[in-house]
Amino acid sequence: MLKRLRTAVASRVSLLEFEAMSLPNYGVLVGRFDHFERDPENRYGSYFHGHVFVRAPLPQGMQALFRCAVDVKEPNGAIEYSEVPHLDWLMSRRIDPLPEGYHELARSDSSGAIDYVRSPIHRPPPEASMDSTNLHSRPTDIGQRPVWQQNVGGSALDALEAFLVNAERVFVFGAPFTDGNGIHDVHMNQGDPLPEPGEPNYRQKLQWYNNSGVWQDGAVFAQAANGSMKAFLVKFVTQTLNTDKQGHPFGRS
């Protein structure tokens, strides 16, 4: 019993030591799509990324090329993504008027921030069936949920690259780089499980858990010349969409 108590105390101390409630910064970069690249599959860092390059002004007014890193974990590992081909007007009305550049967003439902669980990402079309077995037409209290596809990271980036064809203006949601011009955390930023002490990559997983929060999910929105807008969302297979008001899996806050 004493051993279990010591383990529990050590776990709590670790949690407090690294706790960093939600992401330090969160916002949206608005600009002109320039080009897309990806890491070499046989030579990349800790995680495999696609890179969306966006032209936008710096706060001083000078134009710059921003690199927006979309993490898909690894080229041949499982990842989940969703394409929303016709973005609901409720999702675009607050960000569409924004001038080009980076904008900090409040973590709320009125700022234009994204939350995969709480945002009206999809709205069912008028002719949608009420059949609860059909994921493509099941309405919910906050609109129709995205349909998630699971594939390997390389294929997810193929889909993202195709998604960006004909994009004129893009909106990239996530956290700004602390060094250089760009955005990262362009994926779901809630729903990470609380790791057990001693498991592999414990400190990294604990940081992900502690950085979870509501209204701070990453995404890429693409706007065509006719003004229509669509969205590309990414989440990791370990993340759950069943989160509480802190962005943690229910029962683990």
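Figure 1. Arg55 is partly exposed, with a relative accessible area of 39%. Asp34 is partly exposed too, at 34%. (Buried means under 20% relative accessible area, exposed over 50%, and partly exposed in between, with a 1.4 Å probe and protein chains only.) The side chains of the two residues meet in a salt bridge, 2.9 Å from N to O. (A salt bridge is a side-chain nitrogen of Lys or Arg within 4 Å of a carboxyl oxygen of Asp or Glu.) Arg55 sits in strand β2 and Asp34 in strand β1, so the pair ties together parts that are 21 residues apart in sequence. (Helices, H or I of at least four residues, and strands, E of at least two, are DSSP runs numbered from the N terminus.) The model is predicted: local features need pLDDT of at least 70, side-chain atom pairs count only at pLDDT 80 or more, and totals for chains, interfaces and linings use all residues. Residues are numbered from 1 along each chain as its sequence is written, and side-chain values use heavy atoms, with hydrogens and water left out.

**Figure 2. The overall fold.** The protein has 4 helices and 10 strands. From the N terminus on, the elements run α-β-β-β-β-α-β-β-α-β-β-α-β-β. Of the 253 residues, 47% are buried. Among contacts with a separation of 6 or more, 71% are between residues 24 or more positions apart. (Contact means heavy atoms within 4.5 Å.)

Figure 3. Glu80 and Lys235 join their side chains in a salt bridge, 2.9 Å from N to O. The pair links distant parts of the chain: Glu80 is in strand β4 and Lys235 in strand β10, 155 residues apart. Both residues are buried. Lys235 also lies over the face of Trp148, at 5.9 Å from the ring centre. (A charge sits over a ring if NZ of Lys or CZ of Arg is within 6 Å of the ring centre and within 35 degrees of the ring normal.)

**Figure 4. The aromatic cluster of Tyr81, Phe163 and Phe232.** Ring pairs link these three residues, Tyr81, Phe163 and Phe232, into a cluster. The structure holds 6 aromatic pairs. (Rings of Phe, Tyr and Trp, the last by its six-membered ring, pair if their centres lie within 6.5 Å; planes under 30 degrees apart count as stacked, over 60 as edge-to-face and the rest as tilted.) Lys230 lies over the face of Phe163, at 4.8 Å from the ring centre.

**Figure 5. The largest nonpolar core.** This core has 30 residues. Val52, Leu160, Leu164 and Phe232 have the most contacts inside it. (A nonpolar core is a set of buried Ala, Val, Leu, Ile, Met, Phe, Trp, Tyr and Cys residues joined through side-chain atoms within 4.5 Å.) At least two core residues come from each of β1 (27-38), β2 (49-57), β3 (63-71), β4 (78-84), α3 (153-163), β7 (169-176), β9 (219-223) and β10 (229-235). Helix α3 gives the largest share, 5 residues. Neighbours within four places in sequence aside, Leu164 is in contact with Phe33, Phe36, Val52, Val170 and Val220. Another core, of 26 residues, lies apart from this one and includes Val84, Ile95, Val117 and Phe221.

**Figure 6. Further salt bridges.** The structure holds 8 salt bridges. One of them joins Lys205 and Glu199, with the closest N and O atoms 3.1 Å apart. Lys205 is partly exposed, with a relative accessible area of 25%. Glu199 is partly exposed, at 26%. Elsewhere, salt bridges that share partners join Arg38, Asp158 and Glu161 into one network.

Figure 7. The buried residues of α4 (residues 202-210) are Tyr202, Leu206, Tyr209 and Asn210. They cover an arc of only 90° around the axis, which puts them on the same side of α4. (The arc is that of the directions from the helix axis to the C-beta atoms.) Trp208 is in helix α4 and is partly exposed, with a relative accessible area of 34%. Leaving aside neighbours within four places in sequence, Trp208 is in contact with Tyr47 and Asp192. The C-alpha atoms of Trp208 and Gln190 are separated by 8.2 Å, with the two residues 18 apart along the chain.

Figure 8. Asn201 has phi near 60°, a positive value in a residue other than glycine. Asn201 lies in the loop between β8 (182-184) and α4. Asn201 is exposed, with a relative accessible area of 57%. Trp215 has phi near 55°, also positive in a residue other than glycine. Trp215 lies in the loop between α4 and β9. Trp215 is buried, with a relative accessible area of 12%.
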